Structure formats: structure tokens, C-alpha cells
Amino acid sequence: MEINDIDLQSYPGSEKVYVDGKIHNIKVAMRKVSLTPTVKIINGERLVYENAPVYIYDTSGPYTDSSINTDINKGLPRTRESWTAERDDLEQLDGITSDYGRRREADTSLDSIRFTHRHAPRKARKGAAITQMALARKGIITPEMEYVAIRENMNNDMLGIKSHITPELVREEIAAGRAVIPANINHPESEPMIIGSKFLVKLNTNIGNSALSSGIEEEVSKAVWSCYWGGDTLMDLSTGENIHETREWIIRNCPVPVGTVPVYQALEKVNGDVNALTWEIYRDTLIEQAEQGVDYFTIHAGVLRAHADLIQERLTGIVSRGGSIMTQWTVLHNEENFLYTHFEDICEILASYDVAVSLGDGMRPGCIHDANDKSQFLELDVLGELTEIAWRHNVQVLIEGPGHVPMHKIRENMDRQLSSCHEAPFYTLGPLTTDIAPGYDHITSAIGAAQIAWMGTAMICYVTPKEHLALPDLEDVRNGVITYKIAAHAADLAKGHPGAQVRDDAMSKARYDFRWKDQFNLSLDPARSRQYYVESHKGDDRFCTMCGPNFCAMRISQSVADNCVK
Ligand SMILES: C[C@H]1O[C@@H](n2cnc3c(N)ncnc32)[C@H](O)[C@@H]1O
Ligand SMILES: Cc1ncc(COP(=O)(O)O)c(N)n1
Ligand code: SF4
Ligand SMILES: [Zn+2]
């Protein structure tokens, strides 16, 4: 297989650099953008001032390291494997454990689509508490914790910028449950990242096939493309064919943590018949996916039988797939949700691979009319109960949030999440701030995402222009990611993340100096900004076609400033 339909060379003027760890033998990847000097001619004299390079948080992984030959048939380097090689709390299994995984392995008809560079899975030794949370609580700063501390600081100490983000702060936040490092021991290709309100706001992207489209190559392309543009985590929400094999390809080639919603595949295994779903099938699916390396599971365990009736009052009922499936199951069986009744069992499984749980918002509002209603907040309270159970098992927790919420109702979501869920990181889908713009829902939702992130939401889940309309393609993934980078960064600035403004200031200076190339190279989407400038540019570099030479305010302003220089 090959991915040759995406261009991974569109960050000109930039190179991959690595910052060494001080506690552990680790190398933290960043992207360094080199800038041209500022040149001024004052009273006939040519003055040249160097501009310091800007270090950028980089999620693109080995794909942008020219010294690494990536081949999706082999998968990415398994860097994190060596970090845990010495640990005596982990064991290598002889093969995979899940019944389903074994059946797929034995099925020769799948040979043509199988990822062949397989590795035996690892697991916690019996009784060992191995999660990042367990280790943090023991006072241990893991390589992952040091990695994210360095990564968050973007090498800004070189500029003299002080930061409170230290490996010890990371450890404290993980131990307290206020932050999560999704890092399944079976996904050593993933570069550690942290989700928590004291850290940079992160964005998740969703990809995956559906019954009506997409092959493995296309999904791997979307995954790599999402990381390339800045996605911090990736959810494989496949519901179509060959989910198991597609996921193996994605994980082996994905440099960021991968999340899934296991009930989607469980439902696929019973041919879409909700009535036939069982705890046993679900459990086997958890083990199957945990051994492949999924870093976090969305689990809709807060959807209760008693809440099913409340949806009658809504305009759009349940819009969460997982929520609708589990609600239907509780009603058909007239029993409590098995994800709720088996939650302790689920935590035991997750803890042995360090899979984080993302408590799904099965009752999230799917329209402005339904925002902040009773069923939504009743579920949030249940998620709070489940958070405490998960933490008792040292399972790291995220809380999923809405959905569709008008701006004046966003604050209440954040406040209630904080009070109900014990400060576990919040992870929201948008929220979309109006229902009237299908085709532009990356924007309706980024407005809400920026606000809720500013209020403290730790990760925002992107929405693409295809929301409510179709399965997103590569161009939608790019537009969704860039739109959400904007929302996340706007929140980082407002929250005062140390050094967040360095890139803005460098951009603005480049703009004022008419250093166009630097302006493009510093931008979130260099290719697009360059294209817009170049296609209308008229020869002189000291203005653009927006105002023209005599009305270029920056040019006039500069000549005023330069003439004042004594
Ligand atoms: C919960 C959210 O997940 C997204 N979603 C669901 N399935 C997919 C998919 N295959 N690809 C991309 N996004 C998806 C939609 O944006 C939905 O609103
Ligand atoms: C932020 C976010 N992203 C994805 C999902 C999963 O989808 P669903 O709840 O529709 O199964 C979710 N619940 N919340
Ligand atoms: S996005 Fe499409 S398939 Fe999904 S719930 Fe809405 S209408 Fe149904
Ligand atoms: Zn919607």
C-alpha cells in the first residue's frame, strides 16, 4: 500500500529539530522555522537585524524528518518501546488474546489487506499498576511526562521566557486526574502529548470509513494528513468494512494517540442488531483493540435506562451514535446499560494496557433547542461517579461534552463539568453555536470551541465542513484541522500559555517588514497564504493588492517611524 495523494512537503523554511531530555534519554521533536533578517535603509545606511527562529509544536511525527524513510507497509519507528524495555511491570504476550482478533488472524482471505509487520502485544504483569496515573501517584516522573513538559515549552527558554510547566507539574496533574497522557503500551509509535487545562489546548480529529465508502489507503492518508496539519489525537470512527485491519494500519502509522468507540465495532460484529449486543462481545472488543494499541476508548457508560424517556422532550432526540445504540439496548432489554453495570470490569482491562477512558456524552444536545437540558446534565452527573471509579483503578479519564450549544449557554457547560466531574479534563465536540449553516459547521463549531477552550476545556474535537452532510475527505480534514488550530491557539493566547504569543509576534513583525516568505512560513497553512498573495501580486513587494502602494498603511507608518529615528 502507498499514500501518494498527500503532499507532506508544504512547510518551507522549516526543519525538524530535537530537544534532549534531562532526566530520561529522550528526544523531543519540534519544528524550527528559520526567518530572514529585517533589513532597513535609514539615511542611506543599510541596517540588518537577525530574527530568531521560531519553534513550533509539531504533531507530524517522522513524516517531516528528512532523515527518516517512512513506509506505511512497515509502520513508524517504535521509539517508545525502548523507554519501557527495562520495566519489570510489563510482560510480552505470546500472541493476541481476543477471540475475534485470533479469528481474523487465521482468516487467509484477509491476507491481501493485512498489515504484516506484526508485534506481539504487551500487558501489565498480574497485579502491577502500570498506567501513567499509577506511576504519577507513586511519585515517578516517566519519560512520557518529561517528554510532554519539554514539548509544551516549545524551546522558549532560549528566548528567556519563563514557564511553570515542569516534569513535576505534569506528574502532579496526572496524579490528580486533572491531565491525561494517552499512551497505550502497545502504541510505541506515538509521541507523548498531554491533555489538561494547564497545558496547550489540544484538538482531536475524526476519520474512519463508513458502510458507504473509503478503503484502507484512504483512511491512512487521512490519518497522516490530520497529523501533518496539527491534529493532536486521532479518532478512528470506522463503522464500515474491515474495521480491525483498517485500525491496525492506522495505529502502526500514526504518531499521535488514537481513540476509538469500541461499541461501533461490537455492533458491526452482530451485523448492526442492537438487541444482539452482549457484554461478552464488547469485552472481547476492548481486549482486541487494547492489544492493537488504541490509546483511549469512548465509552457511553453514563447513558442510563431511566434517562431514555427524557428524550421525548427533545427536538432531535439522541445524536450520539454510541448514546443512541446504548439507549436502544437498555429499552429493548429493559435492563441497565451493561457499560454502566460492568464499569469496574472495563477499568480493569483498560488499566492493564494504559488505555484512557473518554466518558462519552451519549445525551449531548444535537441542536440549539436541546442545549443544556435535563437529560444532558443528568448524564454528566453519572460521568462524575464513573470518573471516581476509574481513578480508583488508576485509569486516566477524559469527559466528553457537547455538541450544539448557543454562546450564552456555553459557560454553564464548563461550570457543571467542573463541579460534577472532579476536574477531569473536558473534551468537547465544538460546540456548534448555531444550526443554520450546514457546509460551514467547521466555523459554527470553532466559535464555540474557542470559547469553551478559553474557559478551560482541555481538548476540542474538530468538526469538518461536511458535518451533517457526508463523510469528510482529505480536503475536509485539512480545513477542519486548520480551523481548530485557530480555535485552540486563540484560547492559548487568551489563557496566557507561556510563549504562546511568540509565533504571533514573529508573524506580525514579518508582516510589518514585508518579509512575505517568513509570513507564509510562519502561518498555519503556508501553501494557502502564499497562493493568495502570489496570484495577485504586482511586482513591488512593499504592499499587496488589498490597498495598493499609496494606501498601504503599514508602508506609510513605517516611513513615518523610520524618519523619526535619529
Ligand atoms: C461525533 C462526531 O464524530 C464525527 N464522525 C463520526 N464518524 C466519522 C467518520 N467516519 N469520519 C469523520 N468524522 C466522523 C462527526 O463529526 C460526529 O459529529
Ligand atoms: C467529543 C466527542 N467526539 C466523538 C464522540 C463519539 O461519537 P458518538 O457519541 O456519536 O458515538 C463523542 N461522543 N464526543
Ligand atoms: S450525520 Fe447523517 S448519518 Fe449521522 S446522525 Fe446525522 S443524519 Fe444520521
Ligand atoms: Zn450535529
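Helices (H or I, at least four residues) and strands (E, at least two) are DSSP runs, numbered from the N terminus. The model is a predicted one, in which local features need pLDDT of at least 70, side-chain atom pairs count only at pLDDT 80 or more, and totals for chains, interfaces and linings use all residues. Residues are numbered from 1 along each chain as its sequence is written, chains are lettered from A and ligands numbered from 1 in the order in which they are written, and side-chain values use heavy atoms, with hydrogens and water left out.

His-244 is part of helix H7 (residues 243-252). With a relative accessibility of 7%, His-244 is classed as buried (under 20% relative accessible area, exposed being over 50% and partly exposed in between; 1.4 Å probe, protein chains only). Its side chain forms a polar contact of 2.7 Å with the side chain of Glu-288 (a pair of N or O atoms within 3.5 Å; within protein, one must be able to donate a hydrogen and the other to accept it, and residues adjacent in sequence count only if both atoms are side-chain atoms). Beyond neighbours within four places in sequence, the contacts of His-244 (heavy atoms within 4.5 Å) include Tyr-100, Arg-104 and Gln-265.

Gln-265 is also one of the buried residues of H8. Helix H8 (residues 262-269) is largely enclosed by the rest of the structure, because six of its eight residues are buried. The elements that cover these buried residues include helix H2 (99-106), H7 and helix H9 (279-292). Just after H8, Asn-271 has a positive phi of about 55°.

The zinc ion (ligand 4) has His-404 (NE2) and His-468 (NE2) as its protein donors, 2.1 Å from it (donors are N, O and S atoms within 2.8 Å of the metal, or 3.2 Å for Na, K and Ca; water is not among the atoms, so sites may look incomplete). These two residues are 64 apart and link distant parts of the chain: His-404 is in the loop between strand E15 (397-401) and helix H14 (410-420), and His-468 in the loop between strand E17 (459-461) and helix H16 (474-495). His-404 is buried, at a relative accessible area of 8%.

The loop between E15 and H14 also holds Gly-403.

| Cis peptide bond | Omega |
|---|---|
| Pro-402 and Gly-403 | about 15° |
| Gly-430 and Pro-431 | about 10° |

Pro-431 is found in the loop between strand E16 (426-429) and helix H15 (441-454).
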